[in-house]
Amino acid sequence: MTTATIIQSLASGLLMGLLYGLVAVGLALIFGLMDVTNFAHGEFLMLAMYITFFLFAFFAIDPLLAMPLVGAAMFLFGALVYLFVVRFAMRARANIGMVQIFTTFGLAILMRGLAQYFFTPDYRSINVSWLGGKTVSIGGVFLPVPQLVGAGVSLLAFGALYFFIKKTDFGRALEATREDAGAVALVGIDKNKVFALGWGLGGALVGIAGAVMAMFFYIYPDVGASFALIAYVTVALGGFGSVFGAFAGGIIVGLVEASTALILPPSLKSIGIYAVYLLVVFIRPRGLFGSM
Amino acid sequence: MSETLLETRGVWQRFGGLVANSDVSISVGRGEIVGLIGPNGAGKSTLFNLIAGVLPPTQGSIIFDGHDVTKEPATARCARGIGRTFQVVKSFESMTVIDNVIVGALIRTTVMREARRKAHEVLEFCGLGARADVLANQLIPSEKRRLEVARALATEPKLLLLDEVLTGLTHTEAEKGVELVRRVRDTGVTVLMVEHVMEIVMPLVDRAIVLDLGKVLTEGKPADVVRDPKVITAYLGDRHAVSA
Amino acid sequence: MNDAHTKRRRRDLIVAAVLALLAACAPLVVKDVYIQNIMVLTLMYAALSQAWNILGGYCGQISLGHALYFGLGAYTTALLFTKFGVLPWFGMLGGGVLSALIALGLGYPTFRLRGHYFVIATIVIAEIALLLFLNWDWAGAALGIDIPVRGDSWAKFQFTRSKLPYFYFALAFCCVAFLITWWLEDSKWGYWWRAVKDNPDAAESLGVVVFNSKMGAAAVSAFLTAIGGAFYAQFVSYIDPDSVMTFQFSLLMALPAVLGGIGTLWGPVLGAAILIPLTELTRSYIGGSGRGVDLILYGTVIVVIALARPEGLIGLFSRKPAPKGVPQ
């Protein structure tokens, strides 16, 4: 193993990690807002990847251009899921935690089934996008352009999210609601509207991630499941609900995964991520940046 | 004062830079009803939690019934005979009232029939007999307070720690509460109660200990304590709230 | 009051005995091997979900990693038999004990975690075990283990001609899991577990040793789950990591209890009786097309039950009104 291989691996790991952060941040946002874990998050990602694929297949829209469209579509989808499903799960009078877990979980299975029905279980891929297959060399390190652009998109998205939460009225309402939903209701902010927008925003973020990932991953009905666990680990690693934690968690997960792949056979590469998660929560039971 | 049941010796509790209790030494005699009072932030709840064993003191020791229990966790102190209630009620919401109390009774017996009999007895004593088979989350707030007391009594405590059990109750409810505390003492249980509002507790307690800014300000007979200028000054900020 | 309690517990036993008797007679009527197969799986999942319910339902520690114990039971039995010729009964017991010990070992660090951190830790630990077994050559790695046929006998717990012996074992397993839960429910442990689930701080103030309570629940739960795994290995006579240790099994153990009524004696039985036939029937009658209709139906049922009956389907049977929310 040469230094060059190590640097090469870590660089790819970093790019992948930024993407993992982007995939996970919607989950963290929703959890922070209302203490709900969306167990259909992976299926949100799957849907976003399919939307990207079909925009490409039917309208020849490149994933790069499709990004805002997919984000908007997923915003709408997220908000609708809240209004028509999650809102009712939150009204449960018994077992509230379990009801939320299994409602979103049932939704995940339903979405997977619908994807198999309408999109068939076939593996799809976007093979001729503008960026697909291109690489650049930076200081002797070869990096695939789609991943590089994806990492850039992730950084932009996190920047925009930060600006949004800190500087806009709605962002402040979001912050206030996550701190004290009861008090917010008193000042006349409609909790449901904030929650719906929060779900929309979470959907939009995973939508953008899906558009990026559609450039270099196969698209199939179960694709979400493989990324969902990574997303949960990412969010928990950073500390549930912390947006910054999701960002840092993503980078750690990407780097750990790449380092593990250097040492262990590829089939075991996820073990590193899982081991690091356990190590972190055993030492800090609330994740790295969790404060609750 | 008769034989000492509980004693804290030079107890300190620091949270980071904040000193919640500094050099607190108090004692409670067997069979007494002692009131622990003081304005908000005086360190009453912290001292209470130190005695109950929720956390160990930074410094000092706690002697209960002749044993140094400073390092013992809450469960062990419960076994020794310290029972407690919580300021914010912590019922087992998904369990029935009787089952809540059975949990407490099980520390003295593992025979279910016996635990159940004991629990019914305690519920009757606390005036909750008719509510035995109701889910705890369906109780009204004053009943939940009684349930807390019943649960603690089921552990057959020598010392019962009551954390603001009378606060927030209507006048009638509070009077019933006072009567319950007296009956508890009459069964031979020593009572240490934290209260914020003096009017309610003063006629009830044999002795009052006043905490202020984490220290013992004064202690003595309730009638003397309320006339103590130091106490009046300490409470002045809340004075109007007290007499309201 | 005492009488009402005793009566209710006696009624639970009588209903269970009647149901078990009816189930035992079912093969006289049901000759179809396919349906018998579904009955075996339903009984097995009812027992497994009962085991899950002890830790997840009564004690409130939501594990979505019970596939680990299921897999350990299956692998211990299969490995001992194929490598050392140890009879499956001993493998079953060994797998159970091993799983209970591992559950205690894992409980030590994980029971400090709360909420989602705990749930994700259980998933992650099971996934690590899955990956290790997929790469463990001695244990057959991804290819798995074919349990060789040595002729039908109870000693070797192998039956190739008829499924009925498996059916009766599954029924017995289900009854044992039910009885253990029935007994624990009205014991010190049962009360401690529910207290720990509802409010650990209050439980501690009443002398409940929270950590030990969780450990006890984990050990019993893991032991029973491994028995189920060992049975499954004999029943299907071929195992690989993907067929006994995946997340899907963890879910299939949790779902019946949750949908039937979490933390209740009858919840897992009721949930399994509805969910498992539904899963199997949809999979074979409409799932064969590979078009996901089975998943659509399955997902819809979960969402609808979770939303309409948050306390579980068992709520349909109780005469008391559903518990009201805590007044704010």
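Which residue in strand 8 of chain B is the bridge partner of Leu162(B)? The structure considered here is a predicted model, in which local features need pLDDT of at least 70 and side-chain atom pairs count only at pLDDT 80 or more, while totals for chains, interfaces and linings use all residues. Residues are numbered from 1 along each chain as its sequence is written, and chains are lettered from A and ligands numbered from 1 in the order in which they are written.

In strand 8 of chain B, the partner of Leu162(B) is Met193(B). Helices (H or I, at least four residues) and strands (E, at least two) are DSSP runs, numbered from the N terminus, and two strands pair if DSSP finds at least two bridges between them. Strand 7 (residues 159-163) of chain B runs parallel to strand 8 of chain B and is joined to it by 5 bridges. From strand 7 of chain B the chain passes through helix 6 (residues 171-186) of chain B to strand 8 of chain B in a right-handed β-α-β crossover, that is, one whose path from the first strand over the helix to the second runs clockwise with the strands pointing away from the viewer. Strand 3 (residues 33-37) of chain B is also parallel to strand 8 of chain B, with 4 bridges between them, and Val34(B) has Leu192(B) as its bridge partner.

A residue is termed buried if 20 or more other C-beta atoms, placed from the backbone, lie within 10 Å of its own. Because 5 of the 5 residues of strand 8 (residues 190-194) of chain B are buried, this strand is largely enclosed by the rest of the structure. Thr190(B), Leu192(B) and Val194(B) point one way from strand 8 of chain B, whereas Val191(B) and Met193(B) point the other way.

Chain B also contains an open sheet of 4 strands in the order 2-1-4-5, with antiparallel pairing. Strand 2 (18-29) and strand 5 (67-68) of chain B stand at the edges, each with a single partner strand, so one side of each lacks a neighbour in the sheet. Strand 4 (residues 59-64) of chain B pairs with strand 5 of chain B over 2 bridges in the antiparallel sense, and the bridge partner of Phe64(B) is His67(B).

In chain C, 22 of the 27 residues of helix 9 are buried, so this helix is largely enclosed by the rest of the structure. Just after helix 9 of chain C, Ser237(C) takes a positive phi of about 55°.

Terms used:
Buried ≥ 20, exposed ≤ 12 C-beta atoms within 10 Å, placed from the backbone.
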